[in-house]
Amino acid sequence: MTNPSVTIIGGGVGGLALAHGLRRAGIRVDVYERTYERTDWLQGYRIHISPAGARALHDCLPPPNWQEFRAAASPGGGFGFLTDRATDLLAFDESEINRPGAPESERHYGIGRIRLRAALLSGLDDVLHRGKTFTHYDRTGDRVTAHFTDGTTATADLLIGADGANSAVRAQLLPHAQRIDTGVLTIAGRNPDAASLAPTLTTRANIVLPRARGSLFTAVESGEAIWGYSDAAGTFPTDVTGYDGPALRALVRSRIDGWSPDFHALIENSDPATVNAFHVKSAGPVSPWPTT
Ligand SMILES: Cc1cc2nc3c(=O)[nH]c(=O)nc-3n(C[C@H](O)[C@H](O)[C@H](O)COP(=O)(O)OP(=O)(O)OC[C@H]3O[C@@H](n4cnc5c(N)ncnc54)[C@H](O)[C@@H]3O)c2cc1C
């Protein structure tokens, strides 16, 4: 196939990075995204980019986008494993995680999702079609046509599903693929005032391994402290995903009774609008091609 055209469904992390990479390779691409605004997207939780991810972004993105990513991303800081008394079990500082002298494209980074998406969106206005919710595709000869809820269609040589964990493209292509509930439930939130917190919680990411149940992840992003408390879903009230922010904060605090006051301050002073509960899902291995 010479000079193929590509339709990408989903303008998230994968779809936008791929669009840049294809354009740099001279391939015609259009991206169809159901939302309109940069912030109509997942809440601004921090995402960790490993050296493999940084290398992929560096290779896919035009230099201005890479610079925008670099300006928004922090080196990641150190990483610690803490007791529930907020004392170190094991800690790695920045120089042990990012090899000194490693090139920019071979490093670990932390970045908020909204800022990552902003860096990926720049320069794609001419190929990004917003407000397009994919419903299904059909094939005619070697071409594939995507259909959207507004009645419009898009036809190309190749259709790529980058429409996230609940992908409608995957549901049609691989109906036997299943999402798996890991049995873990997480309550997560953001504290807008990281400066008021203990230094351990504001200078690096941590996992708290308590003497009893549960675990707590913490990290810092753009002056805010983020956290996620996880435990077996069966140990939470069955209607917990319907709780509001203040009720979720109170629930987590009741579950970490006896832990260091540092963790209580982190959770109690979180913005209730950012606190939510979700079941952690995964996916099983699946044959990539339909059998019929
Ligand atoms: C709390 C949390 C923390 C995470 N932390 C990390 C981390 O530190 N590092 C890491 O590598 N990964 C992390 N992940 C996983 C990471 O977020 C995903 O792997 C990544 O976002 C997947 O990218 P994607 O492009 O496939 O999908 P998404 O980023 O989810 O993007 C999918 C896009 O498709 C759009 N879309 C969906 N359906 C349709 C439709 N029908 N029509 C049109 N558009 C549609 C959506 O609006 C969205 O913009 C985390 C996930 C969560 C929930």
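Helix 1 (13-24), strand 2 (28-33) and strand 3 (46-49) each supply at least two residues of the shell around the ligand in this predicted model. Helix 1 gives the most, with three residues. In total, 22 residues surround the ligand. The closest are Gly10, Gly12, Gly14, His48 and Gly164. Sorted by class, the shell has nine nonpolar, nine polar and four charged residues.

Strand 1 (residues 5-9) runs parallel to strand 2, and five bridges join the two. Val6 has Val29 of strand 2 as its bridge partner.

| Strand pair | Direction | Bridges |
|---|---|---|
| Strand 1 and strand 2 | parallel | five bridges |
| Strand 8 and strand 9 | antiparallel | six bridges |
| Strand 14 and strand 15 | antiparallel | seven bridges |

Next comes an open sheet with the order 8-9-10. Its three strands pair in the antiparallel sense. Which strands stand at its edges? They are strand 8 (134-140) and strand 10 (153-156). Each has a single partner strand, so one side of each is left without a neighbour in the sheet. From one strand to the next, the twist averages 20°.

Strand 8 and strand 9 (residues 143-148) are joined over six bridges. In this pair, Thr140 stands opposite Arg143 of strand 9.

Another open sheet has seven strands, in the order 5-4-13-14-15-12-16. Its pairing is mixed. At the edges are strand 5 (88-92) and strand 16 (276-283), and each pairs on one side only. Neighbouring strands are turned by 20° against each other on average, with direction ignored.

Within this sheet, strand 14 (residues 215-221) and strand 15 (residues 224-232) run antiparallel, with seven bridges between them. Ala219 stands opposite Ile226 in strand 15.

Which helix lies across strand 14 and strand 15? It is helix 9 (residues 261-268), which also lies across strand 12 (179-191) and strand 13 (204-208). Helix 9 runs at about 105° to strand 15.

**A look at Leu159**

Leu159 sits in strand 11 (residues 158-161). Is Leu159 buried or exposed? A residue counts as buried if 20 or more other C-beta atoms lie within 10 Å of its own. Leu159 has 22 such atoms within 10 Å, so Leu159 is buried.

Which residues does Leu159 touch, leaving aside those up to four places away in sequence? They are Thr7, Ile9, Tyr137, Val144, Ala146 and Val169. His129 is 30 residues from Leu159 along the chain, and their C-alpha atoms are separated by 15 Å.

Key:
Residues are numbered from 1 along each chain as its sequence is written. This is a predicted model: local features need pLDDT of at least 70, side-chain atom pairs count only at pLDDT 80 or more; totals for chains, interfaces and linings use all residues. A residue is near a molecule or strand if its C-beta atom, placed from the backbone, lies within 6 Å of it. Helices (H or I, at least four residues) and strands (E, at least two) are DSSP runs, numbered from the N terminus. Ala, Val, Leu, Ile, Met, Phe, Trp, Tyr, Cys and Pro count as nonpolar, Asp, Glu, Lys and Arg as charged, and the others, Gly among them, as polar. Two strands pair if DSSP finds at least two bridges between them. Axes are lines fitted to C-alpha atoms, for helices over the stretch in contact, and angles run from 0 to 180 degrees between N-to-C directions. Two residues are in contact if their C-beta atoms, placed from the backbone, lie within 7 Å. A residue is buried if 20 or more other C-beta atoms lie within 10 Å of its own, exposed if 12 or fewer, and partly exposed in between; C-beta atoms are placed from the backbone.
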